[in-house]
Amino acid sequence: MMMGQTSYPPAPSTQAIAVVSPQFCAPYPVDLTITEKTFSITDGDYAVTDINGNIVFKVKGKLLSLRDKRVLLDAAGNPIVTLQQKVLSAHRRWRAYRGDSTDSKHLLFSVKKASLIQMFKTQLDVFLASNTSEHACDFHIKGSFFERSCTIYHGNSNVIVAQMSKRYTAKNIVLGKDAFGVTVYPNVDYAFIIALIVMLDEINKDRDGRD
């Protein structure tokens with residue numbers, strides 16, 4: 001298990017951080033692996049598995065869409081969250097909606113670059129739908145494109161809610177697949193965390209830095 005010797009700090013509040021649903025909050029750390037697939041016509045762009053190799057989520061792209069769009073599905077193929085990039089956004093903003101909706105009334109949260117110019121490090125601000133003023137972020141992400149790693153923090157604090165790192169396996173190296181190990185801290189919505197990491201990966205693919 002990744003980070004098996006890590007001591008986990010208490011949750012930033014007495015209540016679970018449930019952005020998508022309380023059903024995705026566990027009272028213990030959750031270790032997941034995200035594998036990006038080379039061919040994704042039928043089985044999804046990403047597969048998310050637990051420590052036993054069981055499928056927890058799949059992520060599929062929307063073909064022939066005018067906007068970049070990804071859908072987070074549960075193991076049975078039911079849509080949980082729809083991720084959509086906002087076109088003509090100066091900060092490369094993505095929005096997350098409940099289920100398969102893209103209606104503003106179903107908005108869960110949005111993510112944008114903390115600054116326009118980002119070279120080797122990526123910093124993202126996360127705003128919940130209820131945070132309409134966006135004076136302060138609800139979560140923030142710091143990551144490295146080349147290291148393919150990131151840490152997700154609660155608000156503007158140093159309280160960590162999840163960490164991701166590159167995971168190397170012989171199978172993935174042979175197949176040319178990217179795999180990421182993710183540790184979600186106790187009482188934190190792991191569907192929310194997976195959605196954030198998919199957004200981070202999509203933003204990181206914009207290698208030339210243009211928005």
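Asp74 lies in strand E4 (residues 69-74); helices (H or I, at least four residues) and strands (E, at least two) are DSSP runs, numbered from the N terminus. The structure is a predicted model, in which local features need pLDDT of at least 70 and side-chain atom pairs count only at pLDDT 80 or more, while totals for chains, interfaces and linings use all residues. Residues are numbered from 1 along each chain as its sequence is written, and side-chain values use heavy atoms, with hydrogens and water left out.

**Surroundings of Asp74**

- Asp74 is in contact (heavy atoms within 4.5 Å) with Val56, Phe57 and Ile80, when its neighbours within four places in sequence are left aside.
- Between Asp74 and Val56 there are 6.2 Å in space from C-alpha to C-alpha, although the two are 18 residues apart in sequence.
- The side chain of Asp74 makes a polar contact with the backbone nitrogen of Ala76 at 3.0 Å. A polar contact is a pair of N or O atoms within 3.5 Å; within protein, one must be able to donate a hydrogen and the other to accept it, and residues adjacent in sequence count only if both atoms are side-chain atoms.
- The backbone nitrogen of Asn78 is also reached by the Asp74 side chain, at 2.8 Å.

**Strand E9 and its partners**

- Five of the six residues of strand E9 (residues 139-144) are buried. Buried means under 20% relative accessible area, exposed over 50%, and partly exposed in between (1.4 Å probe, protein chains only).
- Strand E8 (residues 121-128) pairs with E9 in the antiparallel sense over six bridges; two strands pair if DSSP finds at least two bridges between them.
- E9 is also joined by six bridges to strand E10 (residues 149-154), and these two strands run antiparallel.
- Lys142 in E9 stands opposite Gln123, and its bridge partner in E10 is Thr151.
- In a regular strand the side chains alternate between the two faces of the sheet.

**Positive phi angles in loops**

- Most residues other than glycine have a negative phi, and most peptide bonds are trans.
- Glu134 has a positive phi, near 55 degrees, and is found in the loop between E8 and E9.
- Glu134 counts as partly exposed because its relative accessibility is 25%.
- Asn187 has a positive phi as well, near 65 degrees, and is found in the loop between strand E12 (178-184) and helix H2 (190-204).
- With a relative accessibility of 28%, Asn187 is therefore classed as partly exposed.
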